[in-house]
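Welcome, and thank you for taking a look at this one.

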Amino acid sequence: MTDSLLSIRDLTVRFRLPQGETVAVDGVSLDLSPGEVLGIVGESGSGKSQILYAMMGLLAANGRASGQVSFQGQNLLALPPGDLDRVRGDALSMIFQDPMTSLNPYMRVGDQLAEGLIVHKGMAGTQARAEAVRMLDRVRIPDAAARARRFPHEFSGGMRQRVMIAMALLAKPRLLLADEPTTALDVTIQAQVLDLMAELGRETGTAIILVTHDLGVVARLCDRVVVLYGGRVMEEAPAEVLFDAPAHPYTRGLLAAMPRLETALTPRLGTIPGTPRSGGAVTGCPFVDRCEVRLPRCATDRPPLRDLTAFGPGRRAACHLTGVS
Amino acid sequence: MLRFIGKRLWHGGLTLAALVTLTFFVMRLAPGGPFSRNRKISPEVQANIEAAFHLDEPIWQQFGRFVWGVLRLDLGPSTRHRDYSVNDLIASGLPYSLTIGFWAVVVAAMVGVALGLAGALRRNSATDYLAGIVGVVGIAIPIFVIGPLLQATFALRLDWLPVGGINNGWHSLILPVVVLALPNIAYISRLTRTSMIETQRENYIRTARAKGIGWRRVLWRHTLTGALLPVIAYLGPATAAIITGSILIETIFAVPGIGRHFVDAALNRDYPLVMGITLLYGGILILFNIATDVIRAVLDPRIRNER
């Protein structure tokens with residue numbers, strides 16, 4: 001891919017724990033084109049958020065990332081802190097899961113927004129604050145000029161997340177990382193916040209990586225989807241085909257567990273039996289214990305992530321059963 | 001903000017009034033009086049003395065007299081220290097206690113916060129361990145052990161500093177200030193370190209780091225405010241306690257402060273002096289609490305909005 005904005009190769013994230021080392025992300029490779037919206041889905045602990053944290057240099061102190069994350073010709077994982085600070089908050093920005101605690105409670109909202117512009121674009125304080133107000137207006141904060149002088153506790157959860165979106169998009173980044181941006185919000189305003197984020201992203205030509213466990217969100221916003229399990233990519237596909245023809249048994253399980261309007265919930269919603277295994281190195285497929293169609297070799301042979309040209313363009317899956325048929 | 005301060009002052013005044021009233025009556029309930037002695041004196045003499053101090057009046061009348069005195073800023077004569085009024089005793093002792101206490105607070109706050117920050121920013125480094133050792137030593141070893149140890153070393157052996165007293169200008173201050181500051185340095189540095197480490201884990205600090213504004217800006221503009229709030233909350237009441245004098249420090253270093261009056265007055269049933277010192281200590285404590293709340297309200301908008 002020549003027009004690639006982001007190219008992740010063999011990203012592995014390990015955490016040192018008292019009981020030994022655990023692998024959260026296990027050799028993930030991804031590519032992203034400018035302006036593209038990529039969804040990363042998976043259940044809790046599948047390592048989806050850690051991919052974003054590794055890119056931003058925000059891993060916990062006991063975490064280590066290896067591999068390569070090429071963004072605009074630089075390997076983010078190898079950058080010294082000062083150089084990383086020139087990228088993050090400018091060309092690369094991030095929205096976090098919990099808007100209630102992600103804003104500084106002691107600082108006026110407008111100042112928190114303006115800060116990035118002052119540092120990255122060298123703007124004067126007044127100019128940066130004026131930009132901040134304009135951006136707050138664009139994320140539909142009513143009476144933005146007055147609101148910019150208020151403190152975060154005077155905003156509702158939905159408004160705070162819109163402030164976070166404004167903060168992240170203020171510097172017109174090339175890539176926005178969104179870590180479950182609506183999980184902490186009321187269901188009634190989730191769609192509103194997501195649509196706003198996608199709309200502003202389109203306007204500024206910003207590519208988005210959206211991490212979520214909500215498949216409905218993915219169907220609504222994403223061009224392409226990566227399904228993660230046990231820190232590994234299980235399947236990758238354009239969003240519209242993934243829902244129609246999932247290739248991996250895990251993806252099929254996920255889709256079966258998703259409530260749909262057109263089918264009645266009888267007898268009950270599907271579930272995937274068992275729980276994800278935690279930590280430790282896996283020799284075979286990480287999903288083997290819970291897979292309903294496993295083969296004997298699945299426990300010992302790690303299925304490689306293969307192109308599934310037979311299924312259509314841009315499709316990959318890591319399963320012994322797919323691609324052979 | 002003015003309304004906030006006004007309201008706090010009003011509440012503070014009420015608290016002080018309640019404290020003083022309670023002290024007045026509890027003190028009278030305690031057995032004995034200012035002139036009960038082992039040596040018997042004739043009932044006439046006893047009655048004369050008590051009449052001179054209005055102790056023969058009904059208690060509510062005595063209380064009224066005391067309140068009227070407070071309003072005129074006259075705390076009356078000491079029953080123990082003849083020819084001295086309570087005002088005289090406080091005026092003669094307070095400057096020494098204030099001077100030593102003030103410098104002890106300044107030293108404790110600066111050194112304590114610096115050690116705590118260094119420990120939090122370089123966790124598990126030599127600095128961190130050194131600060132930890134100072135903390136344990138400062139908290140675990142009492143003033144009456146450290147004081148004489150320092151006297152023996154720096155005054156007697158090395159002859160750098162006076163052993164005690166108040167006649168050598170600022171040289172006389174060094175040992176008492178250091179000894180008084182030490183436990184507070186220990187406590188403040190521990191508090192700062194813990195609070196810094198906690199704040200560094202906050203989500204909003206992660207947001208600040210994600211903005212790529214550099215670690216210095218993250219530290220100064222984002223981390224310090226939240227991290228120092230608990231330290232400020234501790235410093236208010238601690239300052240009130242420190243500047244009103246410590247009987248241990250004043251005894252060890254022979255300083256004529258007011259710390260010793262706290263204890264002596266109560267033991268001697270010197271009613272006017274007890275009331276004077278209660279009023280003084282209560283007033284200072286309440287004032288510093290208000291000052292602390294005001295500073296915290298300036299730093300934390302959520303406190304400001306509670307009112």
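What follows is a short tour of domains, chain contact, a sheet, a helix and a few individual residues.

**Two domains in chain A**

Please bear in mind throughout that this is a predicted model. Chain A is divided into domain 1, covering 1-91 + 173-251, and domain 2, covering 103-170. Taken over C-alpha atoms, the centres of these two domains of chain A are 25 Å apart. Where they meet, 15 residues of domain 1 of chain A are in contact with 11 residues of domain 2 of chain A. Which element gives the largest share of the domain 1 side? That is helix α7 (residues 187-204) of chain A, which supplies 6 residues. By class, the residues on this side of domain 1 divide into 10 nonpolar, 3 polar and 2 charged.

**Where chain A touches chain B**

The contact between the chains takes 24 residues from chain A and 20 residues from chain B. On the chain A side, the elements that give two or more residues are α2 (81-87), β6 (92-95) and α3 of chain A. Of these, α3(A) gives the most, with 4 residues. The side of chain A that touches chain B has 10 nonpolar, 8 polar and 6 charged residues.

**The sheet of chain A**

Now turn to the open sheet of 8 strands in chain A, whose order is β6-β7-β8-β3-β9-β10-β12-β11, with mixed pairing. Its edges are formed by β6 and β11 (306-307) of chain A; each has a single partner strand, so one side of each is left without a neighbour in the sheet. Helix α6(A) lies across β6 and β7 (175-179) of chain A and runs at about 175 degrees to β6(A).

| Strand pair | Sense | Bridges | One bridge pair |
|---|---|---|---|
| β9 (residues 224-229) and β10 of chain A | antiparallel | 6 bridges | A:Leu228 and A:Val233 |
| β10 (residues 232-238) and β12 (residues 316-317) of chain A | antiparallel | 2 bridges | A:Glu236 and A:Arg316 |

The hairpin of β9(A) and β10(A) has 2 residues between the strands, and there A:Gly230 takes a positive phi near 55 degrees.

Back in the helices, α4 (residues 125-138) of chain A has 14 residues. From its first C-alpha to its last α4(A) reaches 20 Å, close to the 20 Å expected at 1.5 Å a residue. Which residues of α4(A) are buried? They are A:Ala128, A:Arg129, A:Glu131, A:Ala132, A:Val133, A:Met135 and A:Leu136. An α-helix has 3.6 residues a turn, so residues three or four places apart point the same way. The cover over the buried residues of α4(A) includes α3 (109-121), α5 (144-147) and α6 (157-169) of chain A.

Helix α4(A) is followed by A:Arg140, which is placed in the loop between α4 and α5 of chain A. Phi of A:Arg140 is positive, near 60 degrees, in a residue other than glycine. Is A:Arg140 buried or exposed? It counts as exposed, because A:Arg140 has 12 C-beta neighbours inside 10 Å, and a residue with 12 or fewer falls in that class.

A:Lys172 also deserves a look, in the loop between α6 and β7 of chain A. Phi of A:Lys172 is near 50 degrees, a positive value in a residue other than glycine. With 14 other C-beta atoms within 10 Å, A:Lys172 is partly exposed.

**A stop in chain B**

Finally, please find B:Phe288, which sits in helix α12 (residues 271-299) of chain B. Because B:Phe288 has 18 C-beta neighbours inside 10 Å, it counts as partly exposed. Leaving aside residues up to four places away in sequence, B:Phe288 touches B:Gly236, B:Pro237, B:Thr239 and B:Ala240. B:Val67 lies 221 residues from B:Phe288 along the chain, and their C-alpha atoms are separated by 24 Å.

Technical notes
Residues numbered from 1 in each chain as written. Chains lettered and ligands numbered in written order. Predicted model: local features only at pLDDT ≥ 70, side-chain atom pairs only at ≥ 80, totals over all residues. Expected span 1.5 Å × (residues − 1). Buried ≥ 20, exposed ≤ 12 C-beta atoms within 10 Å, placed from the backbone. Contact = placed C-beta atoms within 7 Å. Domains from an automatic or database assignment. Nonpolar A, V, L, I, M, F, W, Y, C, P; charged D, E, K, R; others polar. Pairing = 2+ DSSP bridges. Axes fitted to C-alpha atoms, helices over the stretch in contact; angles between N-to-C directions.
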